[in-house]
Amino acid sequence: MTVVWTIVGIVVFFLGILLSVAWHELGHFVTAKWFGIKVPEFFVGFGKTVWSRRVGETEFGVKAVPLGGYIRMIGMLPPAKGELYGRSRRTGPFQGLIDDARQASAADVGPEDADRQFWTRRPWKRIIVMAAGPIMNLILAVVLFAVVLMGFGQMTSTFTVSSVSQCVLPATATQTTTCPPGAPLTPAAAAGFRPGDVITRFDGRSYDSWEDLQRAIRSATGTVDVTVQRGDQQVDLRPALITTTLPDLDDPSKTVDGSFLGLTPVREIQRQGIGAVGSTIGGIVSQVGQKLVEMPQRVPNLFGAVFLGHERDQDSPVGIVGASRIGGEILASDAPPGQEISAFLSLLALVNISLFLFNLLPIPPLDGGQIFPAIWEAVRRRFAMLRGRPDPGPVDAAKLMPVAMTVAIVFIGWSALVFVADIINPVKLG
């Protein structure tokens, strides 16, 4: 059954990614139609068409290579300035590439569609159309995290003491109830803490979460007053904190010096409020953004994992195949069904946040590669108007085609490396 559930998980998660892609393209499609831009195609996948159906002027369908999706809007690129103002066309080493891109952009533009081209729309409308796709991914991620946190709940540390560490040991050592010779008692053990105690006040203050209390313990020094609820009684304890090396609360792979008490809290699944959804989204967007910046640094590890047999980092980038495999492992795990579904939806939400941030990068052929020229065009027009000068016209985004081609080649190479790594040396569920 484990193999069956793994396969089911892989297939379902893969379909979830494709639905996320279609949802992304729907944002582009709806806003494009809203602003009167003609959209001849809406496809999930690339390559040969597997199935399609025409509805109105748009052909909807699925293609053979399910590694993305697109909508095709007519007139994505403006004509060359010479064509707009009657001057001769320029020449240059990349002019052929630029001219081919313009011709492809204008291929479906008939006389009746001259005013339905993407480039003819005001910059703010083009920005909305191109940003709508990533924003749809963000909306889906928010909905998924809301379902997970508010519906299923989140494993949360409480103020109830689960266990009291007996000995002060290095951060890399395993805590034990039997003290080795010479190991000092922890402040909690020496002060008389017991499992089941509920911490109500620490150093004169109450806290909203265990995480806040934990940070307060780290920053406190000396002997502190702690009030616990023990059964029907309130008990005051006075542990003498000590400073030792501890895992960093923000990055557990690092260690820091801080005050140590020696308690482990009871953890239980608790439903969260809407505020937890917002803070979770904000924290994950920040973390994923940092990982995107660090992507070039991941190449050596990926190369070693593919060609040199090196161990692959747990935080290594994964593609559609890798994420789907992890989804399969989640459904095949021995966790309760609610936790499996919660983890499954959380992983799909992470994929959507990655799509949101990645597509906003201001480089062609990503969505941000069209947003940035539109912003620059609006700025140029504003400055021209303030100076009493004529409209400088549209920004010639076609000139970015060499950059788009370079980025596409790099991205294809990166995707191929990740794809092979996901097959022969995958990241496994921790």
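These legends go with a set of close-up views of one predicted model.

The model is predicted, so local features need pLDDT of at least 70 and side-chain atom pairs count only at pLDDT 80 or more, while totals for chains, interfaces and linings use all residues. Numbering starts from 1 along each chain as its sequence is written, and side-chain values use heavy atoms, with hydrogens and water left out.

**Figure 1. The whole chain, for orientation.** The secondary structure comes to 12 helices and 9 strands; these are DSSP runs numbered from the N terminus, with helices being H or I of at least four residues and strands being E of at least two. Along the principal axes, the C-alpha atoms fill a box of roughly 90 × 60 × 40 Å. The radius of gyration is 28 Å, whereas a compact globule of 430 residues would come in near 22 Å (taken over C-alpha atoms; the globule rule is 2.2 Å times the number of residues to the power 0.38). Of the 430 residues, 42% are buried (buried is under 20% relative accessible area, exposed is over 50%, partly exposed is in between, with a 1.4 Å probe and protein chains only). Take the contacts between residues at least 6 apart in sequence: 66% of them join residues at least 24 apart (contact means heavy atoms within 4.5 Å).

**Figure 2. Where α3 crosses α12.** Helix α3 (residues 95-105) packs on helix α12 (residues 401-424) at about 90°, and the axes are 9 Å apart. That makes the pair roughly perpendicular. For the bookkeeping, axes are lines fitted to C-alpha atoms, for helices over the stretch in contact, and angles run from 0 to 180 degrees between N-to-C directions; under 35 degrees is roughly parallel, over 145 roughly antiparallel, 65 to 115 roughly perpendicular, and the rest oblique. On the α3 side you have L97, I98 and A101, which meet M401, P402 and M405 of α12. Sorted by class, this contact has 6 nonpolar, no polar and no charged residues (Ala, Val, Leu, Ile, Met, Phe, Trp, Tyr, Cys and Pro count as nonpolar; Asp, Glu, Lys and Arg as charged; the others, Gly among them, as polar).

**Figure 3. Inside the largest nonpolar core.** This core has 36 residues, and F13, I17, F145, V277, L302, I353 and L357 touch the most other members. A core here is a set of buried Ala, Val, Leu, Ile, Met, Phe, Trp, Tyr and Cys residues joined through side-chain atoms within 4.5 Å. Elements giving two or more residues include α1 (2-34), α4 (123-152) and α7 (274-293). Helix α10 supplies the largest share, 10 residues. Zoom in on V277 and, leaving aside neighbours within four places in sequence, you'll find V142, F145, A146, L149 and M150 in contact with V277. A second, separate core of 21 residues includes V161, V164, A188 and Y207.

**Figure 4. Helix α6 against the strands.** In α6 (residues 210-219), the residues W210, L213, A216, I217 and R218 are buried. The buried residues of α6 pack against β3 (154-164), β4 (198-202), β7 (242-247), β8 (255-260) and β9 (263-270).

Figure 5. F260 belongs to strand β8 and is buried, at 14% relative accessible area. S219 sits 41 residues from F260 in sequence, with the two C-alpha atoms 9.4 Å apart.

Figure 6. S342 is in helix α10 and is buried, with a relative accessible area of 11%. Residues up to four places away aside, S342 touches V148, F152 and G153. The C-alpha atoms of Q272 and G151 are separated by 8.1 Å, although the two are 121 residues apart along the chain.

**Figure 7. Loop backbones and a loop proline.** The peptide bond from P364 to P365 is cis, with omega near 10°, and P365 lies in the loop between α10 and α11 (368-386). D203, in the loop between β4 and α6, has a positive phi near 55° despite not being a glycine; D203 is partly exposed at 47% relative accessibility. P79 lies between β2 (58-72) and α2 (81-85) and is partly exposed too, at 23%. From P79 to D99 is 20 residues in sequence and 9.1 Å between C-alpha atoms.
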